[in-house]
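Hi,

Here is the structure I promised to pass on to you. Have a look at it first, and then read my notes below.

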Amino acid sequence: MMESTPDRLAQINAEIAHNCKIAKRQLDSVQLIAVSKTKDSNDIIPLLHAGHRRFGENRVQEAQTKWPELKSAYADVELHLIGQLQSNKAVDAVHMFDCIHTLDRQSLILALGAAMREAGKNLPCFLQVNIGDEPQKGGCAIADIAALLELAKSENIAVVGLMCLPPAGIEAAPFFALLAELAARHDLPQLSMGMSDDFGTAVQMGATHVRVGSALFGKRAV
Ligand SMILES: *Cc1c(COP(=O)(O)O)cnc(C)c1O
């Protein structure tokens, strides 16, 4: 018999609980973000029925096509933006999302600061760090963290933690450890790290938000 998405949700929650236990962490210190990019309402609704409310999308435009309707049916849905954000989409992002994980540069921080003032919102945000120093990836350089945090503060943006996407194909744990150390150095309590292949390791290394897509919904077509 084929496993359903709610079955996989239960397995992932069990694996998070198992890793919390190993790391002697409270279960409620880790939040699972179900990454529903490329998936449509038919894929998402079974998870809503199963009681899950925290979802992640990587594109503002895609989120606008499916979430307004779902959010009106499930008012307590919490939507996280986990993909790169263009400054000219900051206003739309502030309207659609409850948390933004991809602050990574001066122009975006200024645009989001203005958009949040205009909307009268103060969304919690993560600063994304290019932890493996890869040219093709989003995220700021480690050397720029302090200045960007200072700028976000002057814009009244609540940066709650750091986020990273470690290099593919190699052991992620050292990168998770480095992100945790950087967050501690800057007194930031939250860590957005860990995906389908490594969320258990991320939990052991202190992740407060794990972002899981394919392990939950199945492989994506693209
Ligand atoms: C797609 C995506 C994920 C989820 O990846 P999976 O390997 O499918 O779990 C997590 N974080 C970001 C930033 C993503 O774009």
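Let me start with V210, which contacts I16, V30, Q31, L32, I33, M193, G194, F199, A202 and V203, leaving aside residues up to four places away in sequence. Please keep in mind that this is a predicted model.

V210 and I16 also turn up together in the largest nonpolar core, which has 64 residues. Along with W67, L103, L112, L127 and I157, they are the members that touch the most others in that core.

Now to the ligand, which sits in the largest pocket. Around the ligand are V35, K37, I82, M163, L165, M195, S196, R211, V212, G213, S214 and R220. Three of these side chains bring an N or O atom up to a ligand oxygen: S196 at 2.5 Å, K37 at 2.7 Å and R220 at 2.8 Å. On its own the ligand exposes 390 Å², and the protein buries 89% of that.

I hope you enjoy looking through it.

Best wishes

Note on methods. Residues numbered from 1 in each chain as written. Predicted model: local features only at pLDDT ≥ 70, side-chain atom pairs only at ≥ 80, totals over all residues. Heavy atoms only, no water. Core = buried A, V, L, I, M, F, W, Y, C linked by side-chain atoms within 4.5 Å. Buried < 20%, exposed > 50% of the residue type's maximum accessible area, 1.4 Å probe, protein only. Contact = heavy atoms within 4.5 Å. Near = heavy atom within 4 Å. Polar contact = N/O pair within 3.5 Å; in protein donor to acceptor, adjacent residues only side chain to side chain. Areas by Shrake-Rupley, 256 points an atom, 1.4 Å probe, with all protein chains shown as cover. 1 Å grid on protein atoms, 1.4 Å probe; cavity = no way out; pocket = protein on both sides within 12 Å on 5 of 7 lines; lining within 4 Å. Sits in = over half its atoms within 2 Å of the grid points.
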